[in-house]
Amino acid sequence: MTVDPTVLAGLLLLVLELLTLVAVGFVIARVVLRQTDDRMTLAQGRVIGPASWGLLVNFILYLVPRPAGALRA
């Protein structure tokens with residue numbers, strides 16, 4: 001099996017984006033939900049981070065339709 005080296009940069013960027021979303025979700029779960037268990041907070045952060053990003057993007061695209069909204073999101 002061979003891996004094309006040009007794909008690795010994109011995969012690294014994807015992993016960094018997902019880690020950022022999980023970190024934001026972790027902070028939201030810790031602060032808003034006042035979760036004290038680290039394992040439970042991490043599990044909730046893995047859901048809350050991408051969900052909050054999706055809600056934010058949908059709200060922006062509702063306010064600013066078409067390509068301008070996509071660029072702002």
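This note comments on selected local features of a predicted model.

1. Gln44 belongs to helix H2, which spans residues 38-63. Its relative accessibility is 22%, and Gln44 is therefore classed as partly exposed; the cut-off for a buried residue is under 20%.

2. Contacts of Gln44. Leaving aside residues up to four places away in sequence, Gln44 touches Ala29, Leu33 and Gln35. With Gln35 there is also a polar contact, in which the two side chains are joined at 3.4 Å. As a further spatial reference, the C-alpha atoms of Gln44 and Ala23 are 11 Å apart, while the two residues are separated by 21 positions in sequence.

3. The loop residue Arg34. Arg34 is located in the loop that links H1 and H2. Its relative accessibility reaches 70%, so Arg34 counts as exposed.

4. Backbone of Arg34. The phi angle of Arg34 is positive, at about 55°, although this residue is not a glycine. Most residues other than glycine have a negative phi. A reader inspecting the loop between H1 and H2 may wish to look at Arg34 with this in mind.

5. The nonpolar surface patch. Met1, Val3, Val7, Leu8, Leu11, Leu14 and Leu18 make up a nonpolar patch on the surface. Together these residues present about 740 Å² of accessible area.

6. Val3 within the patch. One of the patch members, Val3, lies in the segment that precedes helix H1 (5-31). Val3 is counted as exposed because its relative accessibility is 52%, the threshold for that class being over 50%.

How values were computed
Residues are numbered from 1 along each chain as its sequence is written. This is a predicted model: local features need pLDDT of at least 70, side-chain atom pairs count only at pLDDT 80 or more; totals for chains, interfaces and linings use all residues. Side-chain values use heavy atoms; hydrogens and water are left out. Helices (H or I, at least four residues) and strands (E, at least two) are DSSP runs, numbered from the N terminus. Buried means under 20% relative accessible area, exposed over 50%, partly exposed in between (1.4 Å probe, protein chains only). Contact means heavy atoms within 4.5 Å. A polar contact is a pair of N or O atoms within 3.5 Å; within protein, one must be able to donate a hydrogen and the other to accept it, and residues adjacent in sequence count only if both atoms are side-chain atoms. Patches are made of residues with over 30% relative accessible area and no salt bridge: like charges are joined within 9 Å, nonpolar side chains (Val, Leu, Ile, Met, Phe, Trp, Tyr) within 5 Å. Accessible areas come from the Shrake-Rupley method with a 1.4 Å probe; for residues, only the protein chains shown count as cover. A salt bridge is a side-chain nitrogen of Lys or Arg within 4 Å of a carboxyl oxygen of Asp or Glu.
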